[in-house]
Amino acid sequence: MIEILISILIIIGIFFSLLGSIGLVRLPDIYARIHAATKSATLGIAFLVFATFLYFWVVEAEFIGKILLAILFVFLTAPVGAQIISRSAHRTGVPLWNKSIHDDLTESYDEKKAE
């Protein structure tokens with residue numbers, strides 16, 4: 001029974017990673033691509049690593065807390081890294097997709113204060 005649960009978690013993780021990869025190829029600008037990579041790949045990695053944790057905990061009878069810390073680390077660092085990349089792209093003038101309606105970063109960041 002646990003093998004089925006682990007297999008389902010692996011399939012879900014692969015699905016989210018695949019969605020993130022497709023998003024990187026198909027989406028129009030860097031901001032949407034960062035969103036796809038961060039959200040989908042983070043969930044994909046979390047499911048895959050959690051399946052690994054369950055395998056070692058239930059099948060091998062070893063509790064490895066480092067695996068859970070890896071999930072926590074990915075959840076904490078991936079959104080922060082994406083936000084920094086997005087902010088840097090905006091500050092250096094990387095254009096939005098031409099069909100974008102609203103730029104939220106322009107209102108929240110004053111370019112005059114940065115210089």
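Which residues make the nonpolar surface patch of about 620 Å²? The patch is built from F50, Y55, W57, V58, V59, F63 and L68. The structure is a predicted model, in which local features need pLDDT of at least 70, side-chain atom pairs count only at pLDDT 80 or more, and totals for chains, interfaces and linings use all residues. Residues are numbered from 1 along each chain as its sequence is written, and side-chain values use heavy atoms, with hydrogens and water left out.

**Figure 1. Overview of the protein chain.** The secondary structure consists of five helices and zero strands, giving the pattern α-α-α-α-α along the sequence. Helices (H or I, at least four residues) and strands (E, at least two) are DSSP runs numbered from the N terminus. The chain has 115 residues, 22% of which count as buried. Buried means under 20% relative accessible area, exposed over 50%, and partly exposed in between (1.4 Å probe, protein chains only). Among the contacts in the chain with a separation of 6 or more, 60% join residues 24 or more positions apart; a contact means heavy atoms within 4.5 Å.

Figure 2. Accessible areas come from the Shrake-Rupley method with a 1.4 Å probe, and for residues only the protein chains shown count as cover. Helix α2 gives the patch its largest share, five residues. Y55, one of the patch residues, lies in α2 and is partly exposed at 34% relative accessibility. Patches are made of residues with over 30% relative accessible area and no salt bridge; like charges are joined within 9 Å, and nonpolar side chains (Val, Leu, Ile, Met, Phe, Trp, Tyr) within 5 Å. A salt bridge is a side-chain nitrogen of Lys or Arg within 4 Å of a carboxyl oxygen of Asp or Glu.

Figure 3. A search of the whole structure finds seven aromatic pairs. One of them joins F16 and F47, which are stacked with 5.8 Å between ring centres and 10 degrees between the planes. F16 is in helix α1 (residues 2-26) and F47 in helix α2 (residues 30-59), so this pair ties together parts that are 31 residues apart in sequence. Both count as partly exposed, F16 at 21% relative accessibility and F47 at 25%. The pair of Y55 and F56 is edge-to-face because the ring centres are 5.4 Å apart and the planes stand at 75 degrees. F56 is partly exposed at 29% relative accessibility. F50, F53, W57 and F63 form one aromatic cluster. Rings of Phe, Tyr and Trp (its six-membered ring) pair if their centres lie within 6.5 Å; planes under 30 degrees apart count as stacked, over 60 as edge-to-face and the rest as tilted.

**Figure 4. Helix α1 and its cover.** The end C-alpha atoms of α1 are 36 Å apart, which agrees with the 36 Å that its 25 residues should span at 1.5 Å a residue. The expected span is 1.5 Å times one less than the number of residues. I6, L9, G13, G20 and G23 are the buried residues of α1, and what covers them includes α2. S40 sits in α2 and counts as buried, at 14% relative accessibility. Apart from its neighbours within four places in sequence, S40 is in contact with F16, S17, L19, G20 and H35.

**Figure 5. The loop between α2 and α3.** A61 lies in this loop. A61 has a positive phi of about 60 degrees, although it is not a glycine. Most residues other than glycine have a negative phi. With a relative accessibility of 64%, A61 counts as exposed.

Figure 6. Helix α3 has 27 residues and reaches 39 Å from its first C-alpha to its last, close to the 39 Å expected at 1.5 Å a residue. Its buried residues are I67, I71, V74, A82, S86, A89 and H90. Just after α3, G93 takes a positive phi of about 90 degrees. D103 lies in the loop between α3 (65-91) and α4 (104-108) and is partly exposed at 22% relative accessibility. Not counting residues up to four places away in sequence, D103 touches H90 and L96. D103 and H90 are 13 residues apart along the chain, and their C-alpha atoms are separated by 9.8 Å.
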